[in-house]
Amino acid sequence: MTLDLAIRGGTVATASDTTRCDVGIKDGRIVQLADTIEGAAREIDATGMLVLPGGIDSHVHLDQSSGPGIKMADDFESGTRSAAIGGNTTVIPFAVQPRGHSLTESVANYHTKAEGNCFVDYGFHLIITDPTPAVLGQELPALVLDGYPSFKVFMTYDGLALTDRQLLEVFSVAKEHGALAMVHAEGYDSIKFMVDRLEREGKTAPYYHGVSRPGLVEREATHRAISHAELIGVPIMIVHVSGREAVEQIQWARQKGLTIYAETCPQYLVLTADDLKGLNMDMSGAKYVCSPPPRDATNQSAIWQALQQGVFQTFSSDHCPFRYDDDAGKTGPKARTSFRWVPNGIPGVAARLPILFSEGVSKGRISLNEFVALSATNHAKMYGLYPQKGSIMVGADADIAIWDPKKRVTITQDLMLDGCDYTPYEGIEVVGWPITTLLRGKVIADKGAIVGKKGDGAFLKRDVTRPI
Ligand SMILES: [Zn+2]
């Protein structure tokens with residue numbers, strides 16, 4: 001057997017082990033791990049480098065309709081290009097059901113947007129906004145079995161939020177069919193109340209976005225979601241946990257013996273509410289408007305501690321990009337009137353891994369193996385892609401990111417290769433950078449340039465197995 005490719009001389013790390021070995025690849029899969037592999041058709045010299053599973057980002061929003069006059073900055077082409085340059089080989093974006101529409105038809109629409117346009121492999125989570133009897137009884141169960149075993153539900157946002165009764169209904173379908181519900185936990189009414197009150201007081205700058213949704217609003221919704229999950233007897237995933245209040249609810253639930261999964265994101269490690277002040281409370285604070293909002297240094301420490309204690313299974317970007325200097329983005333005519341109208345979300349699919357690596361591994365807060373688990377392996381296990389994806393082992397897809405653990409880089413927008421015109425992480429210095437990304441054995445990104453082509457990425461049907 002002649003191998004197609006050997007990655008030689010690197011240090012291979014998985015979620016459990018770190019070892020010096022060569023990696024042999026044939027027909028897009030890893031077929032050999034050995035001290036020395038010779039005679040492959042091609043070789044990549046990885047001396048001094050880390051050979052890690054390609055990142056899996058299980059929380060990205062691409063080409064999602066976001067309201068009248070608003071346009072998301074990334075379609076599937078630019079979003080997955082940015083993912084590839086950031087050391088990722090799989091993303092799981094969302095297929096949103098607009099109210100009044102069929103879920104199945106919505107999934108078909110997102111397939112049309114994605115097909116032939118992706119640089120990395122992709123699956124879809126569903127977003128359920130309208131759990132009609134047809135959705136609950138027929139469409140959702142059929143889609144779960146057909147490769148979409150996870151869906152997101154919202155407890156806030158007009159047009160997206162489900163009522164408590166509706167949450168119970170969808171959780172119950174998740175239980176019956178083995179699906180995983182991902183919950184955006186922030187309380188609808190308390191946020192509405194706060195937004196109205198702040199506007200009445202003339203407090204309309206982007207900074208007040210954070211003030212309108214304090215940690216307790218997230219804590220209350222997290223508790224409510226956990227209680228609903230307990231009533232049904234089903235595991236759920238609390239996504240984008242921002243600080244101490246929500247972390248405490250998750251720990252409380254685990255102590256009770258409930259299976260509650262949790263995710264956090266880079267914005268909760270390196271951004272704070274003060275970033276939303278911009279320059280003297282001007283519109284530039286809009287660059288950091290996302291929900292839940294970044295909090296403060298104490299909450300950042302709480303998130304780090306929770307990462308170290310294993311509270312979080314996954315670390316995702318929640319990439320949800322809107323251009324800043326753009327009428328269809330963060331500074332459109334309506335957005336200028338109040339933070340209420342500033343498109344909610346920030347880019348991060350390319351910055352996610354360097355930030356976690358640098359702040360986590362390079363600074364000694366987490367181990368390299370924990371980094372791999374949080375950035376790839378657990379995503380694959382949680383969302384039905386394991387063992388095809390998420391690890392470096394014989395039989396798995398050769399989805400690999402080769403990292404230089406010593407490389408110093410200052411994050412700037414031009415390195416992100418996305419469709420946005422800014423990065424909220426501009427100027428952050430990191431140590432450790434993904435140099436080469438391989439998707440199923442093919443180099444798709446190398447030394448800051450994309451060498452793959454759109455269409456390299458394939459749709460992944462996922463299954464309901466969740467070995468975690
Ligand atoms: Zn969300």
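Start by selecting strand 1 (residues 5–8) and strand 6 (residues 42–45), which pair in the parallel sense over 4 bridges. A quick note on terms: helices (H or I, at least four residues) and strands (E, at least two) are DSSP runs, numbered from the N terminus, and two strands pair if DSSP finds at least two bridges between them. What you have open is a predicted model, where local features need pLDDT of at least 70, side-chain atom pairs count only at pLDDT 80 or more, and totals for chains, interfaces and linings use all residues. Residues are numbered from 1 along each chain as its sequence is written.

Zoom in on Ile-7: which residue stands opposite in strand 6? That would be Ile-44.

Next stop: an open sheet of 3 strands in the order 8-9-11, with parallel pairing. Strand 8 (55–57) and strand 11 (121–122) are the edge strands, each pairing on one side only. Show strand 9 (residues 88–91) next to strand 8, and you'll find 3 bridges between the two, running parallel. Asp-57 is the residue opposite Val-91 in strand 9.

Time to zoom out and colour by domain. Domain 1 covers 5–53 + 389–450 and domain 2 covers 55–362; these bounds come from an automatic or database domain assignment. Their C-alpha centres lie 28 Å apart. Domain 1 puts 28 residues into the contact and domain 2 puts in 40 residues, where two residues count as in contact if their C-beta atoms, placed from the backbone, lie within 7 Å.

On the side of domain 1 that touches domain 2, select strand 18 (400–410), strand 19 (429–439) and strand 20 (442–446), the elements that give two or more residues. Strand 19 gives the most, with 7 residues.

Finally, jump to His-209, in helix 6 (residues 207–212). Is His-209 buried or exposed? His-209 is buried, because 25 other C-beta atoms lie within 10 Å (20 or more means buried, 12 or fewer exposed, in between partly exposed, with C-beta atoms placed from the backbone). Leaving aside neighbours within four places in sequence, show the contacts of His-209: Leu-276, Val-289, Pro-293, Phe-339 and Val-342.
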